[in-house]
Structure formats: C-alpha cells, structure tokens
Amino acid sequence: MRSRVTLVLAVVAVLLGGGLLVPAAYARLAGDDSASGGSGGGSVAAPAPVPPAPPTLAAGPVAVDFKGEFFSWALMDRETGEISGSKNLASTSSTESMIKAWFAADYLRQLGDKPLPAERKKQITTAIRDSNDDAANALYGAVGRAATIKRMISTCELTDTKPGNVPGYVGWWSFTRMSPRDAVRLGDCIADGTAAGPKWTKLLLDEMSKVRGSTAAKDQKARSGGGRWGIIDGLPPSIVSQGPVSMKNGWTPLNYDGNWHVSCLAVTDRWSLAVMLRYPQKSGLTYGAQVCASVASQLVTPQPGAALKVPQPVGKL
C-alpha cells in the first residue's frame, strides 16, 4: 500500500512539474505573445536606432561660379589628417592678415610658462579680433620678423609656403605665399597646441573665436577691419552649436595687380578649412566673403534637411 501511494505521488509531481515547464518552453518555440511580451507573429524587435553622427564638414564636390584670377580651397579632416580640396590646392596666394594668428602663436609658445604681459595680451587680442596691423607689427617684431616665417614653415611642416617676394614689397609679412593645403595645416597646428604650446593654445583659440566686425564699410578701417565673415557664414547652426569656431581671415585690395586678395581660415576640433582668392577689386570684399561661405556650405555633411538613414526592423522568423 505504501509503495503504491509513493508511486502515485511521484506521478503527480512529474505531471505538475511538466505543467509548469512545458507551456513556457512551448511558448518560446511557438512565439507565444505572453512569453515574448509582445507583438506576435514571431517577429524580432528592431534594434534601437543608432543616433546619427553630428553634422560636420567632409570631403565633397564644390561648384562656384567664380569670376577672378585665383580660386583654391582645402579641407583637413583633423581626426584622420586627410586633406582634400580643389585640384590646385597646392597653389599659392598671399596670406594677408590670416598670418597674424601665427605671430600670436609663435610669441606665446616662446613665452612658455612666463606670465603674459598686459601689453602683449592687448596686442594679441586686437591683432586677432580686429585684425589690427599695428598690433600685428609689434608681435612680428617680437618674434624675429622674417625668422618667424621660417619657424612657421618648420614648426607646422608646411610644404608650399614661401616668404613674400612681390617687387617693391620684399619682406612684407602680408605677402607670404601660402597654399590652402598649407593653410589648413596651419589651422591644425594652432588647434592641436603645436603652434602656441600647451599653456596658451586655449587662449589663442578663444581669441580666434571672438573675431568681430563685418565686410561693411563702417567696420573697415585704415589699420584694422571687421573679419567675422566667410566660412563662418556658410556653417549651419547644427555645426556652430557644437563648439567654438576659431578663425582668421586676410583681405587687401592691392594696387600692383588690381585684385582683392582674400584668404579665409577656420578650424574646429573636427576640421580645418581654408579658401584663398584673387579677383577684381570692383567686385568688392563681400563677394570674396560669399565665395568662402559657399565653399563651406557645400561641404556640410549631411546637408541640412537631408534624410537620415536608420536601421531597418528585422523581418519575421
């Protein structure tokens, strides 16, 4: 009798255990809603969409209906070091005031850990923010005049740059010949701390992000001028909002060839872009600013309003 009761109890236990295990296992195999928590039909939940990378500038085609003697541009991807641009990106033009950023960097690097004198700080601020020639000349003298150009070439590993050699203007820093390819290298050299050194790079980039003044006549003076235009105007808010855009433009209408010489440079954590132009003076400074802006806007990736690709749901099993 006791063995028969024991047998019955054992059978009941197996049946009860099977009743708990089998339906759950079956549900997993059959795609039961109660087991999967969900949508039925045996489909697998789609992976969460991968957030798109923030907009940036990237290599791409650029088309500008340019009317002038010289048009060239280059873009460096600062994460890879790759440089792209126009076919003539190694051809040179005059830097004009764009090179003032280097004078400030060269001075600061040589200063090292010593305190920055108030007068030099003022010269750096006005040379960068207002493109003041007198302040730039003071810095140029402080860093050894022509020697600083040679130091820029070696420090930033420039390959196309040469001191200015325009007849009647020999030795003028504004006539330093530089290619857009070297200009983006200069931007990278400043942004990565090589040019100004670890202590002062943040200060210099901050000054370059605070360039002020437009191309309007009221902002253009005999010894200084408004320089916040060009590349910055071609960047959408989605890029500008990511962080400061440091910049330094150069611009002069020159009598010896009758052209505006315009050089635009801007740099961020992700890229460095330069556009260099020579075109008839009758076109005005705003024309050059618009060309620089147009190049930047065409390199924005993805383009504003472009559809973003997201992962598609996995189909039914």
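Helices (H or I, at least four residues) and strands (E, at least two) are DSSP runs, numbered from the N terminus. Keep that in mind for this tour of a predicted model, where local features need pLDDT of at least 70, side-chain atom pairs count only at pLDDT 80 or more, and totals for chains, interfaces and linings use all residues. Residues are numbered from 1 along each chain as its sequence is written, and side-chain values use heavy atoms, with hydrogens and water left out.

**First stop: S84.** Select S84, which lies in strand β3. Because its relative accessibility is 17%, S84 counts as buried (under 20% relative accessible area; exposed is over 50%, partly exposed in between, with a 1.4 Å probe and protein chains only). Now show its contacts (heavy atoms within 4.5 Å): leaving aside residues up to four places away in sequence, S84 touches A59, W73, A74, L75 and L89.

**Next: strand β2.** Select residues 70-77; seven of the eight residues in β2 are buried. Strands pair if DSSP finds at least two bridges between them. β2 pairs with β3 (residues 83-85) in the antiparallel sense over three bridges, and M76 stands opposite I83. Five residues separate the two strands of this hairpin, and G81 in the turn has a positive phi of about 85 degrees. β2 also pairs with β9 (residues 271-280), antiparallel over eight bridges; look for F71 opposite L277.

**Last stop: helix α6.** Select residues 146-155, where T148, I149 and M152 are buried. On the other side of α6, K150 and S154 are exposed. The buried residues pack against α3 (100-111), α5 (133-142), β5 (177-178) and α7 (180-191). Finish at E157, which follows α6 and has a positive phi near 55 degrees.
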